[in-house]
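User: Please go through this chain with me in questions and answers, with the cut-offs stated as they come up.

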Amino acid sequence: MTRTYRLWINGSWHTPARGHYPVVNPATEQPVGHAPDAAPAEVAAAVDAARTAFPLWSRTDPRERAAVLDRAATLLTERAPELVPLLQAETGATLRLTARMQLPTAVDRFRRYARGAAEPATVPLAPQPVGATPLAPGGLIGAAAARRPIGVVVCITSYNFPLVNLVGKAAPALAMGNTVVAKPAPQDPLACLELGPILKEAGLPDGAFNVITGPGPDAGAALVAHPDTDLVSFTGSTAVGKRIAETAGRSMKRTLMELGGKGAAIVLRDADDTVLRSAVVGVGSVWSFHSGQICTAPTRVLVHRSLYERVVTDLRDYAASLTIGDPVDNSTIVGPLISAAQRDRVEGYVAEAREQGARIAAGGHRPDVTSGFYAAPTLITDADPAMTVAQEEVFGPVVVALPFDDEDEAVRIANGTPYGLYDYLFTADTGRAWALAARLRSGNVGINTVQRHPETPFGGFKDSGVGRDGGSFGLHAYSELQSVVWTS
């Protein structure tokens with residue numbers, strides 16, 4: 001029997017005036033549960049609750065904030081037996097991925113920002129002798145720069161890693177003394193709603209964390225436009241991010257935006273067998289890791305012409321080796337996409353590439369499964385870098401392979417999209433890679449790996465976003481600098 005959820009506002013459940021909508025399992029096409037559809041008055045109530053809670057929570061001792069976040073991590077771990085199946089069902093991610101990276105990563109982020117709450121928030125500045133001016137007498141002037149909470153933070157999150165993405169925003173925001181109104185993606189908000197009572201049990205004051213949901217953009221748009229919200233932290237498409245920026249800019253509202261990507265994995269001529277294996281497995285993660293529904297995916301592989309046919313062959317064999325099917329089956333590597341609409345969108349990109357003259361070297365068809373929104377791991381060759389499939393974010397299991405003749409051409413192709421989130425270099429010479437990374441207009445560069453480092457500043461260049469989070473940079477992102485000056 002599926003559960004019908006309510007809105008989480010001011011520390012309690014609220015029945016939505018506009019009713020509910022179904023959340024569908026992408027593998028079975030059956031309802032997982034029913035999420036609330038927030039009305040404008042309920043969005044306003046959530047903001048009011050967060051605004052009311054802010055003065056008290058912002059003045060709470062950082063050690064107390066740390067204890068709340070640490071306790072939330074413990075409670076989240078204890079509830080894993082019920083939350084992992086829920087997350088798996090609403091996202092369609094494989095059970096292996098859900099159990100290892102959906103919930104445990106959210107726990108890790110609570111723990112990290114429990115520690116972060118106690119990090120120094122003041123930067124002392126050396127005293128400076130200042131001469132007298134018409135403004136004030138001279139003397140030895142002392143100063144410090146202090147990080148202060150911003151206020152009410154709006155967290156609008158993506159569907160691929162709903163709980164991880166929300167905790168990655170809410171935990172540093174709460175650690176810095178902000179209050180939060182969360183608006184998860186409409187496709188899979190149920191586990192995010194479960195976070196409300198967990199934080200309350202952990203000791204968070206009522207109103208400091210609220211969750212509203214809805215089937216469309218209305219609730220999120222209302223949060224962005226509300227005069228009492230101070231920062232919008234958004235993960236999602238560039239198109240939506242630009243609309244948020246336009247609205248936020250009218251009231252000088254702060255924004256932190258992690259948007260689309262079109263990652264390039266550049267395989268240099270000197271790549272040896274070990275490096276080539278790393279490149280094939282890394283690029284293959286577009287297919288094997290959540291069906292390519294990740295913004296950092298290396299969806300373009302740029303290969304020196306001398307190695308191009310070998311890499312294409314290895315990638316084609318890799319794609320053919322992946323098991324597509326029921327994500328609950330531990331043998332499954334490639335699960336479904338989030339929705340029928342997203343599957344159709346992916347298929348549209350592949351069809352357009354075929355019509356434009358590209359070759360479908362692997363995949364390109366709808367898998368033969370009885371239910372679910374599946375797309376086969378697809379490798380596209382003989383494409384032009386200007387083709388739509390090589391320029392736009394597909395957000396599915398689709399890789400475009402492009403040859404190049406020298407580094408200058410590789411850099412031009414890599415930089416030749418509107419995006420700049422995450423690129424990769426595969427070479428036997430890491431010193432060469434370090435120098436080449438400086439030429440890539442990308443917020444992140446991986447060298448011989450697609451692995452992430454949790455303490456690095458994460459964000460993008462160009463249309464891939466504004467601002468940085470991750471590690472201590474996440475604490476910076478959810479605070480304002482205040483300068484305090486005094487006479488010595």
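**Helix H6 and the rest of the chain**

H6 is followed by Gly203, whose phi is positive, near 110 degrees. Helices (H or I, at least four residues) and strands (E, at least two) are DSSP runs, numbered from the N terminus. The model is predicted, so local features need pLDDT of at least 70 and side-chain atom pairs count only at pLDDT 80 or more, while totals for chains, interfaces and linings use all residues. Residues are numbered from 1 along each chain as its sequence is written, and side-chain values use heavy atoms, with hydrogens and water left out.

User: How many of the 12 residues of H6 are buried?

Analyst: Buried means under 20% relative accessible area, exposed over 50%, and partly exposed in between (1.4 Å probe, protein chains only). In H6, which spans residues 190–201, the buried residues include Leu190, Cys192, Glu194 and Gly196. The helix is mostly covered, and the number of buried residues is nine.

User: What radius of gyration does the chain have, and why does it agree with a compact globule?

Analyst: The radius is taken over C-alpha atoms, and the globule rule is 2.2 Å times the number of residues to the power 0.38. The C-alpha atoms fill a box of roughly 70 × 65 × 40 Å along the principal axes. Because a compact globule of 488 residues would have a radius near 23 Å, the chain agrees with its 24 Å.

User: Which residues have the most contacts inside the largest nonpolar core?

Analyst: A nonpolar core is a set of buried Ala, Val, Leu, Ile, Met, Phe, Trp, Tyr and Cys residues joined through side-chain atoms within 4.5 Å. The largest one has 101 residues, and its largest share, nine residues, comes from helix H5 (residues 162–175). Not counting residues up to four places away in sequence, Phe110 touches Leu76 and Val167, among others. Those with the most contacts inside the core are Leu76, Phe110 and Phe209.

User: In the open sheet of seven strands, what is the order?

Analyst: Two strands pair if DSSP finds at least two bridges between them. The edge strands, each pairing on one side only, are E15 (359–362) and E19 (444–447). The pairing is mixed, and the order is E15-E16-E17-E14-E13-E18-E19.

User: What angle does the direction of helix H9 make with that of E17?

Analyst: Axes are lines fitted to C-alpha atoms, for helices over the stretch in contact, and angles run from 0 to 180 degrees between N-to-C directions. Contact means heavy atoms within 4.5 Å. H9 (residues 273–288) packs on the sheet, touching E13, E14, E16, E17 and E18, and the angle with E17 is about 145 degrees.

User: In E17, which residue is the bridge partner of Leu379?

Analyst: Strands E16 (residues 378–381) and E17 (residues 398–404) run parallel and are joined by three bridges. In E17, the partner of Leu379 is Val399.

User: Which backbone oxygen lies 2.9 Å from a polar atom of the side chain of Thr229?

Analyst: Thr229 is in the loop between helix H7 (218–225) and strand E11 (231–235). Thr229 counts as buried because its relative accessibility is 3%. Leaving aside neighbours within four places in sequence, its contacts include Val47, Arg51 and Lys253. The backbone oxygen at 2.9 Å is that of Leu223.

User: Which residue in E7 does Leu125 stand opposite?

Analyst: Strand E6 (122–130) is an edge strand. Seven bridges join E6 to E7 (residues 139–149), and the two run antiparallel. The residue opposite Leu125 is Ala143.

Technical notes
A polar contact is a pair of N or O atoms within 3.5 Å; within protein, one must be able to donate a hydrogen and the other to accept it, and residues adjacent in sequence count only if both atoms are side-chain atoms.
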